Amino acid sequence: MAVLEISDLVAVWDPVTGERLPVHRGEVIARLREVGDERAARIVQRMPVTGEFLDPVAVDRLLVRVHTELQRLNEELHMAQRFTEILVPVLTAVRAAGSRPRIVDIGCGIGFMVRSLAASGVLGTDVELVGVDFNRALVDEATRLAEDEQLPCTFVCADAFALAEEATVYLSSGLLHHFPADRLAEFFRAQDRAGTQAFIHYDIAATRLAPFGAWLFHRARMREPLGRHDGVVSAMRAHGDDVLLSAAAHAGGMDAFLFESPKYTNPFCAAMRPVVGLRPALTGDFRRALGRRARGLVAARAKVG
């Protein structure tokens, strides 16, 4: 039976126009009860409505609070450092190929990753950092925080694949599990663009005990019931290695790898690990820049035509 995240149901946008769509609370509750998730249905039942539809302002305030709590989790998991570990050698290879680094974070939320990378300065002064999300409230909060922190980065409410200037490197954190397995290939194909040299997408490792680790961690660190619920469901929805590598291979012009396979991680934690894609011409330079850590790369078995 399907498992559903509340956040995917309470804020919805037209995939073509990006327009916010009204969400009928009763329909969301019915969907959650259909899959047997009475706890999630009760969480949505308590959410404010305007008439029969969820109040979008209240929903956005809730999502900002949840993403603020997620920022603290990302800090505890050292996600900025994990991205940096791969980004620095990727950008070394990108610069060697003569490309100007433009990094786009897909589904950036309140911009934790982009702001952290901008604040550290570890990627260099020539890097353009852009966060993209469909939720205007999250983008506005990311922009406000970046301005308060005086950081050299920007945030845009848009489709990451419809920007006027495409990315040199695409990033995401905790995004892949939001796609059904049969839509992952489409997501990776969209990154096989003329100007794009690489992608790095971190998500939860689909270990047997990942849901328990997620429950323990979110219970201890998050106050919002929606965040606690969705954190566990995220681990339940995580895709396995074979699914991710097979989908990533659909970016036909890229070499695809997993990095830090789950078998090397603590099985009691909902550990994060990335799918990495690179243009074949960059792979050698990337491996050399990564050094001994390159032994942690697991390649896709075959390319997809």
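Rings of Phe, Tyr and Trp, the last taken as its six-membered ring, count as a pair if their centres lie within 6.5 Å; planes under 30 degrees apart are stacked, over 60 edge-to-face, and the rest tilted. What we have here is a predicted model, where local features need pLDDT of at least 70 and side-chain atom pairs pLDDT 80 or more, while totals for chains, interfaces and linings use all residues. Residues are numbered from 1 along each chain as its sequence is written, and side-chain values use heavy atoms, without hydrogens and water.

The rings, then. The structure has 7 aromatic pairs. One of them is Phe212 with Trp215, stacked at 6.2 Å centre to centre and 25° between the planes. Both residues sit in helix 9, residues 210–221, 3 residues apart, which is about one turn of the helix. Helices here are DSSP runs of H or I with at least four residues, strands are runs of E with at least two, and both are numbered from the N terminus. Phe212 is partly exposed because its relative accessibility is 42%, and Trp215 is partly exposed at 45%; the class lies between buried, under 20%, and exposed, over 50%, with a 1.4 Å probe and protein chains only.

Elsewhere, ring pairs join Phe161, Tyr170, Phe179, Phe187, Phe188 and Phe199 into a cluster. Tyr170 also has Phe199, in strand 9, as its bridge partner. Strand 8 (residues 169–173) and strand 9 (residues 198–204) run parallel, joined by 5 bridges; strands pair if DSSP finds at least two bridges between them.

Now the sheet: 8 strands, open, mixed pairing, in the order 7-6-5-8-9-11-10-12. Strand 7 (154–157) and strand 12 (297–299) are the edges, each pairing on one side only.
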